[in-house]
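Look at the model first, then read on.

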Amino acid sequence: MRRITRIATVGVASAALALSATACGGKTSSDAASDGDKAAIAYDIGGRGDQSFNDAAYAGLAKAEKDLDVNGSEAEPSDGESDADKVQRLTELARAGNNPVIGVGFAYAPAIKKVAPKFPKTTFGIIDDASVTGKNIANIVFNEEQGSYLAGVAAAKVTKTKTVGFIGGVETPLIKKFEAGYAQGVKDTDPSVKVLPQYLTQPPNFDGFSKPDLGKAAAQGQLDKNADVIYSAAGLAGSGAIEAASKAKKWNIGVDSDQYNQAGLANYKESILTSVTKDIEDAVFNLIKSVKDGKPQSGEIRYGLDKNGVALSMSNPAFADMKDVIAAVDKAKQDIIDGKITVKTAP
């Protein structure tokens, strides 16, 4: 797998990416789409190693390499980059013959809007955005609020202090879906439980997805307010929150990946009660496979509870043994699928 390493400064990002694409056999034609033998993902803030969102996308690419004999390429974000940098990154990946080219995260929407029309034979995937559409664009979206509702049910059942926390990386409509579902799940289960919501940064500052120290400080503040369960939807910054809650011997709820099984969080795994997973791995794999099969996906591809596209992980034996909690979660899941519960997408 070819990996374009993270660039330290925006000023050299475009040149470095162009060199990387050339080293990978980049082409100069306006549309050098392959027949599905080469695929690429461009990471969101935090990059590979975030133990969460980006790592889930990487797992899908790695699976495609193994099962489909696809040559994968990865492109890392640069600190403080602009949309122009993303445009350059996607352009070079497409010129190199990668098909599909997948932007990991809604921040790639403006770039894909500009680049996709220039490469009509290349499929562009974007995760967590449905605002930019086109014949060669696949919008991979999830019902995050549904999985978060289940997390709220679990949190309300296990809290002993009647206080639980939510940490959002950046206050965007997407992350507010996580908060909304979580708070609703808590209140529907036990109205007496207090939910403490906090966001680390506001757009256009996206450090809340990349700096663990911010998550750690926020979690400590919530622990000081008596929270004994903290749900973090903050990418790499969430690892700091997990560390803080673990050291305080309180519960964490992870996000996107099954964080109980993430190697980088092994020291804190016993504190990770469960995780709200998004099946980003299969979504990435399915898109790559569709191109490989000659039937590329396009348009909105939505993953919810009904398709196990979002779920609560069961890896922690302590959680799996909480029969009354699991029963409450299972009932809530079925009620959502059956339409008996409609989960809010905004607080």
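## Helix packing

Helix α7 (residues 212-224) packs against α8 at an angle of about 40 degrees, and their axes lie 6 Å apart. Axes here are lines fitted to C-alpha atoms, for helices over the stretch in contact, and angles run from 0 to 180 degrees between N-to-C directions. α7 is therefore oblique to α8; angles under 35 degrees count as roughly parallel, over 145 as roughly antiparallel, 65 to 115 as roughly perpendicular, and the rest as oblique. The crossing of α7 and α8 is right-handed, the term for a near helix turned clockwise from the far one by less than a right angle. Helices are DSSP runs (H or I, at least four residues), strands likewise (E, at least two), numbered from the N terminus.

From α7, the contact takes in P212, G215, K216, A219, Q220 and L223. They meet S239, G240, A241, E243, A244, A245 and K247 in α8. Contact means heavy atoms within 4.5 Å. The contact residues divide into 6 nonpolar, 4 polar and 3 charged. Ala, Val, Leu, Ile, Met, Phe, Trp, Tyr, Cys and Pro count as nonpolar, Asp, Glu, Lys and Arg as charged, and the others, Gly among them, as polar.

## Basis of the values

The model is predicted: local features need pLDDT of at least 70, side-chain atom pairs count only at pLDDT 80 or more, and totals for chains, interfaces and linings use all residues. Residues are numbered from 1 along each chain as its sequence is written, and side-chain values use heavy atoms, with hydrogens and water left out.

## Residue A245

A245 sits in helix α8 (residues 238-247). Is A245 buried or exposed? A245 is buried, at a relative accessible area of 0%. Buried means under 20%, exposed over 50%, partly exposed in between (1.4 Å probe, protein chains only).

A245 and A219 are 26 residues apart in sequence, yet 6.7 Å apart in space, C-alpha to C-alpha. Leaving out residues up to four places away in sequence, A245 touches L223, I230, K250, W251 and N252.

## The sheet

An open sheet of 6 strands runs β8-β7-β9-β10-β11-β13, with mixed pairing. Two strands pair if DSSP finds at least two bridges between them. β8 (194-201) and β13 (310-312) are the edge strands. The twist averages 15 degrees from one strand to the next.

Strand β10 (residues 251-256) runs parallel to β11 (residues 272-278), joined by 5 bridges. N252 has I272 in β11 as its bridge partner. Strand β9 (residues 229-233) pairs with β10 in the parallel sense over 3 bridges. There V229 stands opposite W251. In β10, 5 of its 6 residues are buried.
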